[in-house]
Amino acid sequence: MYEMCVGPEKAGGALVWHVMAKRTAATLCGQRLRERVAASDGERARHCPDCMASFAKLMAATPC
């Protein structure tokens with residue numbers, strides 16, 4: 001199972017939506033989100049392109 005989490009794209013960067021597997025410490029792009037950011041703070045944030053590419057590969061490899 002995966003969840004979307006708001007965090008900086010890079011240290012000190014703009015907020016983006018990352019994909020994170022439940023019970024893991026890092027996003028699919030390899031970042032460790034230091035603190036939770038309220039989802040409302042990311043209302044207009046775009047999606048992390050690296051997380052989305054990794055997620056697309058995972059979904060393509062998962063049998064239905």
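Which residue in E2 does Gly7 stand opposite?

1. Gly7 stands opposite Val16 in E2. The model is a predicted one, and the points below should be read with that in mind.

2. The two strands involved are E1, residues 2-8, and E2. They run antiparallel and are joined by 7 bridges. Together E1 and E2 make a hairpin, with 6 residues lying between them. Within the turn, Gly12 has a positive phi of about 75°.

3. Trp17 stands opposite His47 of E3.

4. Buried here means under 20% relative accessible area.

5. The structure holds 1 aromatic pair. Its members are Tyr2 and Phe55, arranged edge-to-face, with 5.3 Å centre to centre and 80° between the planes. Tyr2 belongs to strand E1 and Phe55 to helix H1 (residues 49-61), so the pair ties together parts that lie 53 residues apart in sequence.

6. Tyr2 has a relative accessible area of 31% and is partly exposed. Phe55, at 24% relative accessibility, also counts as partly exposed. Both values can be set against the ranges used: under 20% is buried and over 50% is exposed, with partly exposed in between.

Key:
Residues are numbered from 1 along each chain as its sequence is written. This is a predicted model: local features need pLDDT of at least 70, side-chain atom pairs count only at pLDDT 80 or more; totals for chains, interfaces and linings use all residues. Side-chain values use heavy atoms; hydrogens and water are left out. Two strands pair if DSSP finds at least two bridges between them. Helices (H or I, at least four residues) and strands (E, at least two) are DSSP runs, numbered from the N terminus. Rings of Phe, Tyr and Trp (its six-membered ring) pair if their centres lie within 6.5 Å; planes under 30 degrees apart count as stacked, over 60 as edge-to-face and the rest as tilted. Buried means under 20% relative accessible area, exposed over 50%, partly exposed in between (1.4 Å probe, protein chains only).
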